[in-house]
Amino acid sequence: MLQRIWKYRMHYLLVIPPLLLWLIFKGIPFFMMLYGSFVNFVIFKGVFGSDWVGLDNFRNLFDLPEFTPILRNTLTMKLLYTAVSGIFALGAALALSGIGFRRLRGGLAALFLIPYFIPSAVIVYVTMLTLSQSQSPFGIKSMPLAHSEQFPWVLVAVEVIKTCGIPILIALTVIGARQAAMDNGSIRVRSTYLHRNVIPAMKAVTAFMLMQLGSLLTMDAELQRLLLNPLVYETGDTLESFGFRTVFMNAEYNLAGPLALFQFIVQFTCSLLAYFLIRGLFARDLFPSTGGAAALRSTGKGKNSAGILISVALSSAVLILLYLLFIYPFTYELSGSALHTLLSPYRYVIYMIMDLGAVTIFMMITAALAFPLTVKDLPGRGLYKLLLLALLTLGSSTFHEYLFYRDLHMSNTIFPLFFSGFYSILPIFVLKSIFNSKYSTRREEAVAAGRGETFIFFNVYMPSIWKPLLALGALHFVMLWSSFTKALVHLTNPQTFPPLMTFANAMNEIGEAGPVYSKADLLLAGAIISLPSLVILLLMRRWLTGEVMVSTMKNL
């Protein structure tokens, strides 16, 4: 054991700095949350100076009359989203797999991905505009966002449209890998449409649905919180929206810890279950050693034509979204002064630079933390994976994270936003799975040649994973750029707000004569804010493979 530890000493030394950073910026707030769950928090005394009350805070949380209905709403909408997105992705992937023209198939698949690269706040405004009685470009007269029976279906539909491209791309990758394996003789089964297309697509979609277990009590928080209104609390309120409103708006601080701990325990247990099921049943399908979406082959002209028609029909919502953002605003007169107020060029550039800096550190940390997982006989590897799985389920932008940064005198600065952009756990597992499935033989050859771990890291590991690492970094930038919750928690000065937060505040800003900003100005501002993410999709589409897109599952 000691000899093996010494042999792999570089791995232990490599993970110490990033884990120490994680311990500081995530571990300390987590332990504040743990201890704070059992005290009567007084803001002037702090977490550790407040009086111990035992389980009283948990009793108060579970005794709330609205807790059980909100928990039921959360589970209902998450399971409904999982089912609808799975079914939609299966149908779309099978339709796309029937298209023989590779460029057309790739273009349609990219079309389904576009909504994921548009910030949730922008999609919310487009949804509100589309369903508005007074401003809808399509003459809609109903008010589904104000009806409690219809709201969950609208929310699920919008989230499915935003994220469906991810399971579709994963399914196409699995279908392509399956077909490549059948063509080269690695898999010997009957070459039928069922075996070549349907079965691999069903495996991919099933794996996607299992991944949702890891975030069973969460949805797209910004999407749901911005669409939610008091008229639909009965069916639309979830644990996240309830927790944010209760703690940050109603100042019921003693509920923050119990609610966060309850979510952590449930989701950590579900993450373990999902991890072992996916690793045992679907890992080889999700991370194939050969093939991919490019290896797809159509099975006939009939399926080719049907695939095109079905894919175009299913992508109609995406086409409407693009029309409203990039064409519809120019059918109205735009106000240059209003647009300048909505978008500060200085802050636009500053936040882009900050996010790029955070992404650079994120890629270095991800590469370092994934490297030990490429060694199957590393002492302590199982415990290390368990630690990473626990970190995977930790939430962000919590009340205790806010207290931590406040104690460091970082309130109303951009430093909490910058530091919180260093980490994302799921990409670590994705990166190690890509290396182990595609490039593990390179490592074995280096070991057989007597090469040390330092040589393997710089000459085998990094040259093998730089493309997926850059793709993961690009996706992480999209996640940081497209979110404003951390800014909402940590910033109070409007002059320091990121562009997206300014946009979110402006959506419902009302003056004496009505809305302060016209729908054309808001749509154009939303389009400009979405441009960096869409440019990333355009430039890096070939590297955003199904394996890489698995890293986004925790964000869905």
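Predicted model: local features only at pLDDT ≥ 70, side-chain atom pairs only at ≥ 80, totals over all residues.
View 1. To the contact between them, domain 1 brings 30 residues and domain 2 brings 34 residues.

**View 2. Area buried between domain 1 and domain 2.** About 2,800 Å² is buried between the two domains. Carbon and sulfur atoms account for 72% of this area. On the side of domain 1, the residues that lose the most area to domain 2 are Phe-117, Tyr-125 and Phe-287. Together these three make up 28% of what the domain 1 side buries.

**View 3. Polar and charged pairs across the contact.** Five residue pairs, with both members at pLDDT 80 or more, are in polar contact between domain 1 and domain 2. The count of salt bridges between the domains is zero.

**View 4. Elements on the domain 1 side.** Two or more residues each come from α5 (102–113), α6 (120–130), α8 (165–183) and α10 (221–227) to the side of domain 1 that touches domain 2. Helix α6 gives the largest share, eight residues. By class, this side of domain 1 holds 23 nonpolar residues, five polar residues and two charged residues.

Definitions and conventions
Residues numbered from 1 in each chain as written. Heavy atoms only, no water. Contact = heavy atoms within 4.5 Å. Buried area = accessible area lost by both parts, 1.4 Å probe. Salt bridge = Lys/Arg side-chain N within 4 Å of Asp/Glu carboxyl O. Polar contact = N/O pair within 3.5 Å; in protein donor to acceptor, adjacent residues only side chain to side chain. Helix = DSSP H or I, 4+ residues; strand = E, 2+ residues; numbered from the N terminus. Nonpolar A, V, L, I, M, F, W, Y, C, P; charged D, E, K, R; others polar.
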